[in-house]
Amino acid sequence: MTWPGGAEVASQVGVGGGARAGSAAGPAACARTPRPEMAAPGLQLCAVAALLPLLLLCLPLRARADEHEHTYQDKEEVVLWMNTVGPYHNRQETYKYFSLPFCVGSKKSISHYHETLGEALQGVELEFSGLDIKFKEDVMQTTYCEIDLDKGRRDAFVYAIKNHYWYQMYIDDLPIWGIVGEADENGEDYYLWTYKKLEIGYNGNRIVDVNLTSEGKVKLVPNTKIQMSYSVKWKKSDVKFEDRFDKYLDPSFFQHRIHWFSIFNSFMMVIFLVGLVSMILMRTLRKDYARYSKEEEMDDMDRDLGDEYGWKQVHGDVFRPSSHPLIFSSLIGSGCQIFAVSLIVIVVAMIEDLYTERGSMLSTAIFVYAATSPVNGYFGGSLYARQGGRRWIKQMFIGAFLIPAMVCGTAFFINFIAIYYHASRAIPFGTMVAVCCICFFVILPLNLVGTILGRNLSGQPNFPCRVNAVPRPIPEKKWFMEPAVIVCLGGILPFGSIFIEMYFIFTSFWAYKIYYVYGFMMLVLVILCIVTVCVTIVCTYFLLNAEDYRWQWTSFLSAASTAIYVYMYSFYYYFFKTKMYGLFQTSFYFGYMAVFSTALGIMCGKFQIYWQFSIGI
């Protein structure tokens with residue numbers, strides 16, 4: 001396939017996407033061609049009852065169809081699934097393959113069901129191609145159907161070609177990409193690729209490689225008939241079954257020296273921050289202790305005449321409950337859960353190649369989030385109890401549904417747009433019901449278990465000093481010591497430690513790269529934890545030293561402000577690193593980037609705040 005126009009030449013789009021010679025992966029190649037002990041009685045029974053729905057949730061994750069055994073006998077049927085079609089620049093704007101007026105082969109139709117929740121949520125819409133393919137049996141070029149090209153069908157194809165539509169197919173869970181057609185140099189005539197030339201590699205009784213060559217360029221003329229054809233050639237391959245997805249990966253991108261340099265740079269920042277925090281606190285605290293010791297030797301009159309300032313003056317107010325403790329505790333509990341989910345999913349992804357199964361990453365994240373609900377209840381419920389909160393049931397409900405409500409609310413809004421566009425990303429009603437059942441019958445009961453454990457095991461205040469009955473007046477302070485300024489400045493360094501990794505993560509999600517370097521992600525998560533803790537220690541100390549004891553929200557928000565900078569970076573990425581367009585893709589991008597940034601901010605806010613409560617500053 002030559003772009004633009006010209007002689008009929010084969011264009012190879014393989015399993016890793018790319019030319020047969022082994023060029024770049026996937027649709028990018030297509031685009032380049034145009035382009036403890038329980039305290040409450042009966043709590044054990046409660047925990048078992050709450051875990052039963054979670055065990056049921058695991059069952060569909062393990063369901064497998066016959067084709068997913070990945071082993072074939074000679075001349076056994078091999079199914080070619082047609083997935084979705086859509087504009088190259090809008091990765092999430094996809095439609096059913098047969099929403100374009102393609103024709104289907106004559107072979108009897110096979111229905112496909114969503115095997116996992118993640119597959120349904122990601123808009124996977126597999127439809128049988130109707131092509132007769134058998135294991136190790138070559139097929140010469142064969143016409144499998146004919147398109148009666150009237151004006152409406154031609155207009156649909158022309159629109160698809162103008163917007164660089166590409167399509168995705170699957171053979172034995174191996175994706176294949178191809179382009180619908182091309183235009184000539186003047187953009188006046190449009191051509192459709194009508195011949196799918198499949199070359200399938202096998203190793204023993206397993207399929208390990210698939211390549212697609214698009215040929216047969218036919219001009220789109222109204223009121224004509226277009227014959228669609230295919231051929232299959234089987235070849236023996238030395239590729240191991242375990243390594244068959246390696247062609248999808250792009251080591252030159254993810255393991256670029258810039259990636260390594262950013263990790264090294266972040267480690268240098270961590271060493272600098274830890275050293276700076278240690279030096280500042282040790283020198284300042286030594287001076288403060290010396291001054292306070294000197295004041296203790298003074299008589300009462302000298303002490304009254306002396307200057308009283310610093311963090312020791314607010315020791316009777318520093319453990320005063322925060323404002324809006326119910327919301328505050330719910331945010332802390334949610335942040336702990338998000339951190340637990342992130343840690344577990346990254347570890348699982350490092351051990352298992354989750355990218356080899358459709359929707360497995362999202363399914364794993366949903367399962368882990370539901371399973372870690374007791375973490376949310378424990379930390380949020382215990383913190384609320386220690387702050388003297390009495391409406392613990394309300395706090396439990398808010399903590400349990402805070403993140404699900406945010407995610408589902410955003411998805412619900414975007415779903416309306418997807419339905420209007422007739423996009424495959426429109427979430428089916430049955431999937432919505434399944435998500436609601438997980439929230440009410442898995443997340444809520446497990447959150448209740450965690451809340452009861454937290455209130456009984458660590459819900460009693462153990463502050464090292466007594467809280468004053470009358471709040472101390474807060475003196476005036478310099479403008480740069482105001483909580484608003486501290487909050488705005490607090491997120492700069494945490495964002496600086498992760499923004500390079502954000503680029504790689506964004507590219508893997510919004511463009512056509514498969515993220516697989518989860519070791520890098522684990523390092524960045526550790527770096528983010530350390531940097532955030534160091535920054536919030538300094539922010540909290542300066543605030544208390546200015547005799548402002550309202551540190552809880554300031555400490556939380558100074559770390560959570562990282563989300564603001566991440567969301568601002570997403571605007572830069574959208575306008576300068578992508579070519580997205582249209583209402584659906586724009587809403588999808590900024591909607592889910594807002595969800596991602598908010599969740600990241602809640603997780604960052606959790607890093608320091610609960611640790612400070614635990615050790616009593």
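## Starting point: Tyr569

Tyr569 counts as buried, with a relative accessibility of 12%. Here, buried means under 20% relative accessible area, exposed means over 50%, and partly exposed covers what lies in between (1.4 Å probe, protein chains only).

Before we go on, please note that this is a predicted model, in which local features need pLDDT of at least 70 and side-chain atom pairs count only at pLDDT 80 or more, while totals for chains, interfaces and linings use all residues. Residues are numbered from 1 along each chain as its sequence is written, and side-chain values use heavy atoms, with hydrogens and water left out.

## Confidence and overall make-up

The mean pLDDT (the predictor's confidence in each residue, from 0 to 100) is 83 for the protein, and 83% of its residues reach 70 or more.

The protein holds 18 helices and eleven strands. These elements are DSSP runs numbered from the N terminus, with helices (H or I) of at least four residues and strands (E) of at least two. Of the 617 residues, 53% are buried.

## Aromatic pairs

Across the whole structure, a search finds 58 aromatic pairs. Rings of Phe, Tyr and Trp (its six-membered ring) pair if their centres lie within 6.5 Å; planes under 30 degrees apart count as stacked, over 60 as edge-to-face and the rest as tilted. One of the pairs joins Tyr144 and Tyr230, whose ring centres are 5.8 Å apart with planes at 70 degrees, so the pair is edge-to-face. Tyr144 sits in strand β5 (residues 139-149) and Tyr230 in strand β11 (residues 224-236), so the pair ties together parts that are 86 residues apart in sequence. Tyr144 is buried at 14% relative accessible area, and Tyr230 is buried at 5%.

Tyr569 returns in another pair: the rings of Phe499 and Tyr569 have centres 6.5 Å apart and planes at 75 degrees, so this pair is edge-to-face. Phe499 belongs to helix α14 (residues 492-510) and Tyr569 to helix α17 (residues 562-577), so parts 70 residues apart in sequence are tied together. Phe499 is partly exposed, with a relative accessible area of 34%.

The expected span of a helix is 1.5 Å times one less than its number of residues. For the twelve residues of helix α9 (residues 360-371) this gives 16 Å, which agrees with the 16 Å between its end C-alpha atoms. Ser360, Ser363, Thr364, Val368, Tyr369 and Ala370 are buried in α9. Helix α10 (residues 373-386) has 14 residues and reaches 20 Å from first C-alpha to last, close to the expected 20 Å. Most of α10 is covered, with ten of its 14 residues buried, including Leu383, Tyr384 and Arg386. Just after α10, Gly388 takes a positive phi of about 85 degrees.

Met406 lies in helix α11 (residues 392-421) and is partly exposed, at 21% relative accessible area. Not counting residues up to four places away in sequence, Met406 touches Val595, Thr598 and Ala599.

## Loop residues

Asn163 is in the loop between α4 (151-162) and β6 (165-171), and it counts as buried at 17% relative accessibility. Its side chain reaches the backbone oxygen of Tyr159 at 2.8 Å and makes a polar contact with the side chain of Tyr581 at 3.0 Å. A polar contact is a pair of N or O atoms within 3.5 Å; within protein, one must be able to donate a hydrogen and the other to accept it, and residues adjacent in sequence count only if both atoms are side-chain atoms. Leaving aside neighbours within four places in sequence, Asn163 is in contact with Pro87, Tyr88 and Tyr581.

His164 is in the loop between α4 and β6, and its phi is near 55 degrees, a positive value in a residue other than glycine. His164 is partly exposed at 32%. His324 has a positive phi of about 50 degrees although it is not a glycine; it is in the loop between α7 (300-305) and α8 (325-351) and counts as exposed at 60% relative accessibility.

Terms used
Contact = heavy atoms within 4.5 Å.
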